[in-house]
Amino acid sequence: MDEIDLDWDDLRLFLAIARKGGLAPAAGSTGKSAATLGRRMLALERRMGQELFRRLPRGYDLTPEGEALVARVAELEARIAPLAAERPLATVKVVI
């Protein structure tokens with residue numbers, strides 16, 4: 001199997017769209033515009049060489065490949081979340 005260069009942010013956005021069922025609903029929770037989310041998902045699908053969503057008039061539906069990816073990415077998310085929670089946030093002070 002060929003190695004695919006994936007970005008965690010793209011996978012996080014993919015999960016949001018899969019969970020919310022479309023670009024517009026996911027835009028609110030991700031802080032990205034629907035247009036940006038659409039572009040990012042098209043780029044992700046190209047990199048993976050798979051269609052992950054069926055684009056419907058009223059939202060996005062996962063393909064079987066998308067469903068398999070959701071399971072894998074959700075597992076990664078569950079493993080990453082505790083690491084992110086443990087990491088202390090740095091405070092940055094800007095003096096003008």
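How many residues does the hairpin use to join β1 to β2? Two.

Before the details, the ground rules. This is a predicted model, where local features need pLDDT of at least 70, side-chain atom pairs count only at pLDDT 80 or more, and totals for chains, interfaces and linings use all residues. Residues are numbered from 1 along each chain as its sequence is written, and side-chain values use heavy atoms, with hydrogens and water left out.

Overall layout. The protein has four helices and two strands. Helices (H or I, at least four residues) and strands (E, at least two) are DSSP runs, numbered from the N terminus. In sequence order the pattern reads α-α-α-β-β-α.

Back to the strands. β1 covers residues 53–56 and β2 covers residues 59–62. They run antiparallel, with four bridges between them. Strands pair if DSSP finds at least two bridges between them. Across the pair, R55 faces Y60 in β2.

Now helix α2, residues 23–30. Which of its residues are buried? L23, A26, A27 and T30. Buried means under 20% relative accessible area, exposed over 50%, and partly exposed in between, with a 1.4 Å probe and protein chains only. These residues sit on the same side of α2, because they cover an arc of only 115° around the axis. That arc is taken from the directions from the helix axis to the C-beta atoms. The face turned away from the buried side carries the exposed residues A24 and G28.

What do the buried residues of α2 pack against? Their partners are α1, α3 (34–48) and β2. After α2 comes G31, with a positive phi near 80°.

Next, the surface. W8, L76 and I80 form a nonpolar patch with about 230 Å² of accessible area together. Patch residues have over 30% relative accessible area and no salt bridge; like charges are joined within 9 Å, nonpolar side chains (Val, Leu, Ile, Met, Phe, Trp, Tyr) within 5 Å. A salt bridge is a side-chain nitrogen of Lys or Arg within 4 Å of a carboxyl oxygen of Asp or Glu. W8 belongs to helix α1, residues 8–20. Its relative accessibility is 30%, so W8 counts as partly exposed.

Finally, the totals. Of the 96 residues, 29% count as buried. Accessible surface comes to about 7000 Å², and 55% of that belongs to carbon and sulfur atoms. Areas come from the Shrake-Rupley method with a 1.4 Å probe; for residues, only the protein chains shown count as cover. Among contacts (heavy atoms within 4.5 Å) with a separation of 6 or more, 48% join residues 24 or more positions apart.
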